[in-house]
Amino acid sequence: MGDLKVDAMGIILQSARRFGFDSLSFTGGEPTLHPEFIDIIARVFNAGYGFGFVTNGWNFKGIYEALLPYRERLSGITFSLDGARQETHDRLRGRDSYRRVMQAVSICMIKDIPFTFNTVLTSHNCGELKEVVELAEKLGSRGIRFGHLVHTPHSMAKNLELSPEKRKEIETRIWQLKGDMSFPIFMAAGYYTNDLFPCAPLRLEEINIDWRGNLTLCCNLSGHSEGAGN
């Protein structure tokens, strides 16, 4: 993997509006590690686009002040929160990760920066569904999105996987929480459904561009094949 080239970003900004797009979202890896992340945000802002990004929150304390001049077009920051408890989140994300996320969220609350949470469902955190929703609401998040883990050799080696049966059981619990609570709860594409077009890219509402500048069909699988997107 590598970093998106700024030249490619310029082409995207020139082209996207012609196809009806007015907002960009940055994912990773960890987008805040890009050596020109703030410069890219400035370009997006000056081109008149809205923007957001997904982050683990680790670097947020060091970059948030540089983001403030562009706050007007910041649609929101999505923080990865993989457990309601410090030990659960840190087990998946590394020591002190939970503290860093909470620190980032505190800054957002003080500076009135909109944010949401994203939780990847694993065998380690699937017992904390209600707790993590209640925590997100208490912290002032605008919502939470659950998503299934994309299978990799690493996730299988760490025993993070949920069986197909367990996945459907967890989905049922999430839909129940969504029905019982007024707090916004969402599921990322990958859950069981009869819908032939369960995600925005398949509905042609979003497109994904990988770090090479290639157009891909799925943000989760953008690096699945070296030849994909060419």
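## Working through a predicted fold

With a relative accessibility of 27%, Lys-166 falls in the partly exposed class. Keep in mind that the model is predicted. Let's start with that lysine.

**Exercise 1.** Find the salt bridge that joins Lys-166 and Glu-169, and work out how far apart the two residues sit along their helix.

*Solution.* 
- Step 1: Look at the side chains. Lys-166 and Glu-169 meet with 3.3 Å from N to O. The cut-off for a salt bridge is 4 Å, so this pair makes it.
- Step 2: Look at the helix. Both residues belong to helix 8 (residues 164-180), and because they are three residues apart, about one helical turn separates them.
- Step 3: Bring in a general rule. An α-helix has 3.6 residues a turn, so residues three or four places apart point the same way.
- Step 4: Check the partner's surroundings. Glu-169 has a relative accessible area of 39%, so Glu-169 is partly exposed.

**Exercise 2.** Which parts of the chain does the salt bridge between Arg-85 and Glu-131 tie together?

*Solution.* 
- Step 1: Get the distance. The closest N and O atoms of Arg-85 and Glu-131 are 2.8 Å apart.
- Step 2: Place each residue. Arg-85 is in the loop between strand 3 (74-80) and helix 4 (86-93), while Glu-131 is in helix 6 (residues 129-139), so the bridge ties together parts lying 46 residues apart in sequence.
- Step 3: Check accessibility. Arg-85 comes out at 37% and Glu-131 at 30%.
- Step 4: Glu-128 joins Arg-85 and Glu-131 in a network of salt bridges.
- Step 5: Zoom out. Over the whole structure, a search turns up six salt bridges.

**Exercise 3.** Is strand 3 mostly buried or exposed, and which strands pair with strand 3?

*Solution.* 
- Step 1: Count the buried residues. In strand 3, six of the seven residues are buried, so the rest of the structure largely encloses this strand.
- Step 2: Take one neighbour. Strand 2 (residues 50-55) runs parallel to strand 3, and five bridges join the two. Within this pairing, Val-54 stands opposite Thr-78.
- Step 3: Follow the chain between these two. From strand 2 it passes through helix 3 (residues 60-67) and on to strand 3, making a right-handed β-α-β crossover.
- Step 4: Take the other neighbour. Strand 4 (residues 115-121) is also parallel to strand 3, with four bridges between them. Here Thr-78 stands opposite Thr-116.

**Exercise 4.** Describe the largest nonpolar core, then list what Phe-146 touches.

*Solution.* 
- Step 1: Recall the general idea. In soluble globular proteins, nonpolar side chains tend to be buried together.
- Step 2: Size it up. The largest nonpolar core holds 57 residues, and the ones with the most contacts inside this core are Phe-60, Phe-79, Phe-117 and Phe-146.
- Step 3: Find the main contributor. Helix 5 (residues 97-111) supplies the largest share of the core, seven residues.
- Step 4: Go to Phe-146. Leaving aside residues up to four places away in sequence, Phe-146 touches a list of residues including Thr-119, Leu-121, Val-133, Ile-174 and Phe-186.

**Exercise 5.** Name the buried residues of helix 2 and say what covers them.

*Solution.* 
- Step 1: Pick out the residues. Helix 2 (residues 37-46) has Phe-37, Ile-40, Ile-41, Ala-42, Val-44 and Phe-45 buried.
- Step 2: Find the cover. Helix 1 (6-16), strand 1 (23-26), strand 2 and helix 3 are included in what covers them.
- Step 3: Step past the end. Just after helix 2 comes Gly-48, with a positive phi of about 90°.

Definitions and conventions:
Residues are numbered from 1 along each chain as its sequence is written. This is a predicted model: local features need pLDDT of at least 70, side-chain atom pairs count only at pLDDT 80 or more; totals for chains, interfaces and linings use all residues. Side-chain values use heavy atoms; hydrogens and water are left out. A salt bridge is a side-chain nitrogen of Lys or Arg within 4 Å of a carboxyl oxygen of Asp or Glu. Buried means under 20% relative accessible area, exposed over 50%, partly exposed in between (1.4 Å probe, protein chains only). Two strands pair if DSSP finds at least two bridges between them. A crossover is right-handed if, with the strands pointing away from the viewer, the path from the first strand over the helix to the second runs clockwise. A nonpolar core is a set of buried Ala, Val, Leu, Ile, Met, Phe, Trp, Tyr and Cys residues joined through side-chain atoms within 4.5 Å. Contact means heavy atoms within 4.5 Å.
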